[in-house]
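Thanks for coming. I have one structure to go through today, so please look at the sequence and the model on the screen.

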Amino acid sequence: MDRLISMEPSSLVAIRVEPGQKCFGELTLRNVMYTMPVAVRIQPVNKGRYTVKPQSGIIAPLGTLTVEIVYHLPPDSLLSESFPHSDDSLPSAAGDVVVGGRGSGGRR
């Protein structure tokens with residue numbers, strides 16, 4: 001088993017930043033396995049700056065899970081000099097991907 005899930009977009013999540021508005025982007029996780037569901041759990045590296053919803057889920061075989069990544073723009077803050085690009089890492093996998101099997105209950 002090389003890869004259990006793929007991400008779309010694969011390397012960049014666009015988050016529209018506008019003062020006074022909800023700043024968010026979406027990431028789609030796709031289960032590339034056709035025989036078994038995959039459980040995932042995602043946590044942002046910077047929990048004070050980002051929220052991820054849902055944080056966990058079970059993706060059916062060949063199914064998808066869309067994750068919303070919300071950026072919390074501090075009130076009266078200035079945007080960084082690198083705007084509109086950021087070097088923040090999102091999301092960070094917390095723990096292993098759990099693969100369901102017949103009573104195995106193990107992690108791979």
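I will start with residue S6, which sits in strand 1, residues 5–8. Keep in mind that this is a predicted model. Is S6 buried or exposed? Its relative accessible area is 15%, and the cut-off for buried is under 20%, so S6 counts as buried. Leaving aside residues up to four places away in sequence, S6 touches T28, L29, R30 and V32.

R30 comes up again when we turn to the salt bridges. How many are there by the rule used here? The count is two.

One of them joins the side chains of E8 and R30, with an N to O distance of 2.9 Å. This pair ties together distant parts of the chain: E8 belongs to strand 1, R30 to strand 2, residues 23–31, and 22 residues separate them.

K22 has a relative accessible area of 52%; the threshold for exposed is over 50%, so K22 counts as exposed.

Now the protein overall. What secondary structure does it have? There are eight strands and zero helices, so from the N terminus on the order reads β-β-β-β-β-β-β-β. Among contacts with a separation of 6 or more, 57% are between residues 24 or more positions apart. The protein has 108 residues, and 25% of them count as buried. Its accessible surface is about 7600 Å², with 50% of that belonging to carbon and sulfur atoms.

Last, confidence. The mean pLDDT is 76, and 68% of the residues reach 70 or more. Which stretches fall below 50? Residues 92–97 are one of them, and the model gives this stretch 13 contacts beyond near neighbours in sequence. Residues 102–108 also stay under 50, with 10 contacts beyond four places in sequence. Where pLDDT is low, the predicted coordinates should not be read in detail.

That is what I have; I will take questions now.

Notes: Residues numbered from 1 in each chain as written. Predicted model: local features only at pLDDT ≥ 70, side-chain atom pairs only at ≥ 80, totals over all residues. Heavy atoms only, no water. Helix = DSSP H or I, 4+ residues; strand = E, 2+ residues; numbered from the N terminus. Buried < 20%, exposed > 50% of the residue type's maximum accessible area, 1.4 Å probe, protein only. Contact = heavy atoms within 4.5 Å. Areas by Shrake-Rupley, 256 points an atom, 1.4 Å probe, with all protein chains shown as cover. pLDDT = per-residue confidence, 0-100. Salt bridge = Lys/Arg side-chain N within 4 Å of Asp/Glu carboxyl O.
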